[in-house]
Each structure stands twice: as structure tokens, then as C-alpha cells.
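Hi there,

Here is the structure I promised to pass on to you. Have a look at it first, and then read on for what turned up in it.

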Amino acid sequence: MTKNVFPENFLWGGAIAANQTEGAWHEGGRGTSNIDMLPIGEKRMPVKLGQVAHPELDDTLYYPSHTGIDFYHRYKDDIAMLAEMGLKVFRTSISWSRLYPNGDETTPNAEGIAYYRSLFETCREHGMEVLVTLAQFDVPMGLVEGYGSWRSRDMITFFTRYAKTCFEEFGDLVKYWITFNEINIILHSPFSGAGLAFQEGENQKQVTYQAAHHVLVASALTVKMIHEMLPEAQVGCMIAGGSFYPYTSKPEDVWQSMLDDHDNTFFIDVQARGYYLLLC
């Protein structure tokens with residue numbers, strides 16, 4: 001007889017992201033986000049990588065996030081089916097622009113709050129815990145166009161205001177939190193990951209790492225806020241995994257692979273240790 005190696009309270013679950021599934025991109029008072037600007041086809045990658053300074057929607061192209069799987073309207077049936085499968089935890093993200101359509105408002109959108117409360121209550125009704133990611137790539141386009149997204153330190157204020165709203169409105173329903181999904185994706189996909197659209201003549205590497213610093217500060221302040229507001233809550237971090245291997249056994253190739261690994265993982269060092277760990 002095979003012994004069950006998992007404890008009874010082990011959380012088996014499934015995960016989605018708001019921008020991948022909800023659709024209803026302009027319903028319920030939701031504003032446009034950076035992900036809504038990503039079309040299918042040959043024009044996708046230039047926008048995704050931040051190479052289009054001022055992305056605009058094109059009526060001739062298809063934008064997947066605009067419709068998703070219509071989770072916004074079908075979530076009750078979808079959650080019921082997940083529960084029927086025996087899942088005990090449901091991970092999803094909150095669309096920042098559904099709570100703060102432009103991003104810099106001082107009061108949240110009531111319709112957005114009502115939607116997420118109903119979603120989380122539905123999970124609880126089916127005996128499922130909820131694991132919420134505050135930022136799974138979504139950045140309101142109002143902040144992209146008005147502030148340059150995370151290149152501006154003002155974003156820290158806007159994000160922590162949004163996070164505080166989430167803790168106030170959903171803290172009684174959500175115990176598990178993640179601040180930023182794949183927090184290092186800003187290095188690999190600047191616009192889709194963090195709303196960075198590079199302007200002509202900019203030092204793109206400098207802009208990216210300055211923006212990454214702002215993201216890390218916002219994450220740290222948010223974690224501090226969670227522990228103060230929701231002492232029983234748990235919060236974790238998330239990284240886009242990957243490993244680099246030397247092309248040859250030459251010392252310079254081995255050293256370069258170490259540097260590249262460090263670039264990919266130092267975000268977790270900062271989140272776990274509270275400071276930058278430099279590899280010189």
C-alpha cells in the first residue's frame with residue numbers, strides 16, 4: 001500500500017491570471033492596461049519588448065485580453081468545476097485597472113471591488129482557499145502614458161495605494177498573497193511585464209534597472225503593509241525561472257553564465273534578504 005506523503009492540509013490548486021482570462025476589458029468600469037495593447041501576430045513582439053514608444057490599438061488586429069475566456073461572466077461555473085476536481089486553492093490575480101482604471105485615482109472603482117469580492121466568496125463557498133497576485137503584469141495605461149510606468153518613482157505610491165485597497169477590501173477572504181508575478185520579467189519583456197515603452201535615445205538598460213528598483217521598493221513596502229494590516233496572512237514572491245550554462249569550459253564563458261544567472265535571480269535576493277547582493 002502506497003503511503004500518502006502529502007499532509008492533509010496540503011493545498012492542491014490551479015492558477016489563472018486576470019489579464020489572460022477575464023475579458024470584459026471595458027466592463028464594470030475597468031480601464032485599459034498594458035496587456036490590452038498586445039495583439040496577436042507579427043506586431044506583438046515589438047510592443048511586448050517595449051520597442052513601440054506609443055502603442056495604439058488597431059481595429060484590424062485581434063487582442064486576446066479583450067475577450068479572454070470570459071471568466072468575468074462565467075467565474076461561478078468555472079469555480080464550481082474546479083472544486084468538483086478536488087482543488088483546494090485557486091490562484092488568480094487582480095486587474096489593477098479594474099480597481100483603479102487610470103491608476104492614479106484616490107478612490108477605487110466600486111464595481112471592480114464588488115466583482116472580486118464575489119469571486120473570492122464563490123471560492124470560499126466551494127471550500128477553496130484563494131491565493132492572490134497583486135500584479136501579474138497589469139499596469140493601467142493611464143500610468144504608462146502619464147508617468148512612463150515604473151520608470152517613475154510615483155508608481156510606488158500608486159501601487160501601494162492599490163495594494164492597501166486590496167487588503168482592506170479582501171483581507172477577510174484572502175490569506176495568501178504574492179506581490180509581483182515573475183518580478184524579474186521586466187528584464188526580458190519590458191512592456192508586457194511592466195509597461196515600459198522605450199523612447200528614442202533612451203538608455204534602455206538604465207531605464208529598465210531603475211524601473212526594477214522601483215518595483216522592488218514597492219514590493220517591500222507592500223509586504224510590510226500586509227504584515228501590519230493582516231497579521232495572519234502569508235506573502236510570497238515569484239520569479240521567472242531559468243538557468244544559464246556556459247557555452248564552453250573556458251573561464252570567461254563560465255563567468256558569463258554566472259553573471260547571467262545572477263541577473264535573473266537577484267530580484268529574489270532583494271526580496272528575501274532585504275538588500276542587493278552584488279556579484280562583481
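This is a predicted model: local features need pLDDT of at least 70, side-chain atom pairs count only at pLDDT 80 or more; totals for chains, interfaces and linings use all residues.

Alanine 24 has a relative accessibility of 7%, and because buried means under 20%, alanine 24 counts as buried. You can find alanine 24 in the loop between helix 1 and helix 2 (44-48). Its backbone is worth a look too: the phi of alanine 24 is near 45 degrees, a positive value in a residue other than glycine.

Serine 149 is not a glycine either, yet it has a positive phi of about 60 degrees. Look for serine 149 in the loop between helix 6 (141-147) and helix 7 (154-170). With a relative accessibility of 0%, serine 149 counts as buried.

Now for the overall picture. The protein has ten helices and five strands. For 280 residues, a compact globule would have a radius of gyration near 19 Å, and the 20 Å of this protein agrees with that. Along the principal axes, the C-alpha trace spans about 55 × 55 × 40 Å. Of the 280 residues, 46% count as buried. The protein exposes about 14,200 Å², and carbon and sulfur atoms supply 54% of that area. If you take the contacts between residues at least 6 apart in sequence, 78% of them join residues at least 24 apart. As for charge, there are 21 positive and 35 negative side chains, and the centres of the two sets lie 5 Å apart.

Next, please turn to helix 3. Where is its kink centred? Helix 3 (residues 71-84) bends by about 40 degrees, and the kink is centred on aspartate 77. The buried residues of this helix are Phe71, Tyr72, Tyr75, Asp78 and Ile79. Their cover includes helix 1 (18-21), strand 2 (89-93), helix 4 (96-99) and helix 5 (110-125). After helix 3 comes glycine 86, with a positive phi near 95 degrees.

Leaving out residues up to four places away in sequence, lysine 48 touches Leu38, Ser189, Pro190, Phe191 and Ser192. Methionine 37 is eleven residues from lysine 48 along the chain, and their C-alpha atoms are separated by 8.7 Å.

The other stop is alanine 211, in helix 9 (residues 204-229). Which residues does alanine 211 touch, not counting residues up to four places away in sequence? They are Trp150, Arg151, Ile186 and Leu196. At 0% relative accessibility, alanine 211 counts as buried. Alanine 211 and glycine 148 are 63 residues apart in sequence, and their C-alpha atoms are 9.7 Å apart in space.

Conventions:
Residues are numbered from 1 along each chain as its sequence is written. Side-chain values use heavy atoms; hydrogens and water are left out. Helices (H or I, at least four residues) and strands (E, at least two) are DSSP runs, numbered from the N terminus. The radius of gyration is taken over C-alpha atoms; the globule rule is 2.2 Å times the number of residues to the power 0.38. Buried means under 20% relative accessible area, exposed over 50%, partly exposed in between (1.4 Å probe, protein chains only). Contact means heavy atoms within 4.5 Å. Accessible areas come from the Shrake-Rupley method with a 1.4 Å probe; for residues, only the protein chains shown count as cover. Lys and Arg count as positive and Asp and Glu as negative; His and the chain ends are not counted. The place of a charge is taken as NZ of Lys, CZ of Arg, CG of Asp or CD of Glu. The bend at a residue is the angle between axes fitted to the seven residues ending there and the seven starting there.
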